[in-house]
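Please take a look at the model below before reading on.

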Amino acid sequence: MITPILLAALALVLTGPAPALLARSSWPYRIPRAAVALWQALSLAAVLAALGAGISLSYSTAGEPGEPRFDPSSPRDLAAAAVLALTALVAIRLAYAAGRVAVGTRARRKRHRDLVDVLATPDGLIPGLRVLAEETPLAYCLPALRGARVVVSVGALDRLDDSELRAVLAHEQAHLRARHDLVLEAFTALHMAFPRWVRSDVALEQARTLVELLADDDARRRNGPLPLARALVALAGSPAPAAGMAITSTAKSATVLRVQRLADPEPRFPLLSAATYATAVALLVLPTVTVAAPVLKALAEAVH
């Protein structure tokens, strides 16, 4: 009975105090790649722990795999079945949300890309670049396995000099190369899978900020920090389409953070990164092993 209690406690910690504490910390911004991995591990571990708590509770009351002792006339076993059904419902909601986000996002991006291809002018400066005859400053990318687009408006071109434009394009290309959209899709699906009164915006907002920092770091290495910082200021407050990943899609406070970060030397914290990756692995291993252990034990006994 101790296992479901521990897993439930772990799930509560990973969905409440741990994300709140991590979101208030500034050190993840020094190591955005490792921090993204930590947020992914934290979110996945919370889900695994919650599911594991339900499965383990069912095991402890109605028998483990290979040793069923379910009695339909027993209120205790019926309660275990209800817990298992609730756990399955959570897993189904997660799968449904993932599918809905994946299909909806791709459909929305395809419609937007088709519209851009009709209204915008191709530009050979980089592959997939389209220039919109629009005075509103816009700079964003439309990720896709094939036919990705980088879109800038005439209004944005009017505000940027050549070096700033190259920095913006490098930033958007970094998003496309690394498929940061897939990272955000996973966090969006997890966010959408739970009711409003349960879910938190913290993980999704942090993931959005961190992938922008990753693209900033790539653009900084290619063009230096100053052109990108100037471009962020020039395009601050620009609107962002829902289908795209815009260079100014994050909150104003995040833009300030990005400019301040570009003013500092490029961050290099190998030990902090290693410790963060190790923590991410440990977070995933604990609930996975705890849940898998009874199943593996039953399978081993069945083989022998």
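Which helices and strands each supply at least two residues of the lining of the second largest pocket? They are α4, α7, α8 (202-223), β5 (245-246) and α10 (252-263). This is a predicted model, in which local features need pLDDT of at least 70 and side-chain atom pairs count only at pLDDT 80 or more, while totals for chains, interfaces and linings use all residues. Residues are numbered from 1 along each chain as its sequence is written, and side-chain values use heavy atoms, with hydrogens and water left out. Helices (H or I, at least four residues) and strands (E, at least two) are DSSP runs, numbered from the N terminus.

**The second largest pocket**

- The space in this pocket amounts to about 680 Å³, a volume being the space filled by probe spheres set on grid points joined across faces, edges and corners.
- A pocket here is an open set of points on a 1 Å grid over the protein atoms alone, where a 1.4 Å probe fits, with protein on both sides within 12 Å along at least five of seven lines; lining residues have an atom within 4 Å of a point.
- Its lining has 32 residues, and L184, T188, L204, R208 and A242 lie nearest the centre.
- α8 gives the largest share of that lining, with 7 residues.
- Sorted by class, the lining holds 15 nonpolar, 9 polar and 8 charged residues (Ala, Val, Leu, Ile, Met, Phe, Trp, Tyr, Cys and Pro count as nonpolar, Asp, Glu, Lys and Arg as charged, and the others, Gly among them, as polar).

**α4 with α7**

- Helix α4 (residues 75-119) and helix α7 (residues 180-192) have axes that come within 8 Å and cross at roughly 130° (axes are lines fitted to C-alpha atoms, for helices over the stretch in contact, and angles run from 0 to 180 degrees between N-to-C directions).
- The two helices are therefore oblique to each other (under 35 degrees counts as roughly parallel, over 145 as roughly antiparallel, 65 to 115 as roughly perpendicular and the rest as oblique).
- Residues in contact (heavy atoms within 4.5 Å) include R93, A97 and V101 of α4 and D181, E185 and T188 of α7.
- This contact divides into 9 nonpolar, 2 polar and 5 charged residues.

**Partners of α9**

- Helix α6 (residues 162-178) packs on helix α9 (residues 225-234) at about 90°, with axes 8 Å apart, so they are roughly perpendicular.
- S163, E164, A167, V168 and H171 of α6 meet P227, L228, R230 and A231 of α9.
- α8 and α9 have axes that come within 7 Å and cross at roughly 130°, which makes them oblique.
- Here D216, A219, R220 and N223 of α8 touch P225, P227, L228 and L232 of α9.

**A backbone detail**

- R179, in the loop between α6 and α7, has a positive phi near 50°.
- Most residues other than glycine have a negative phi.
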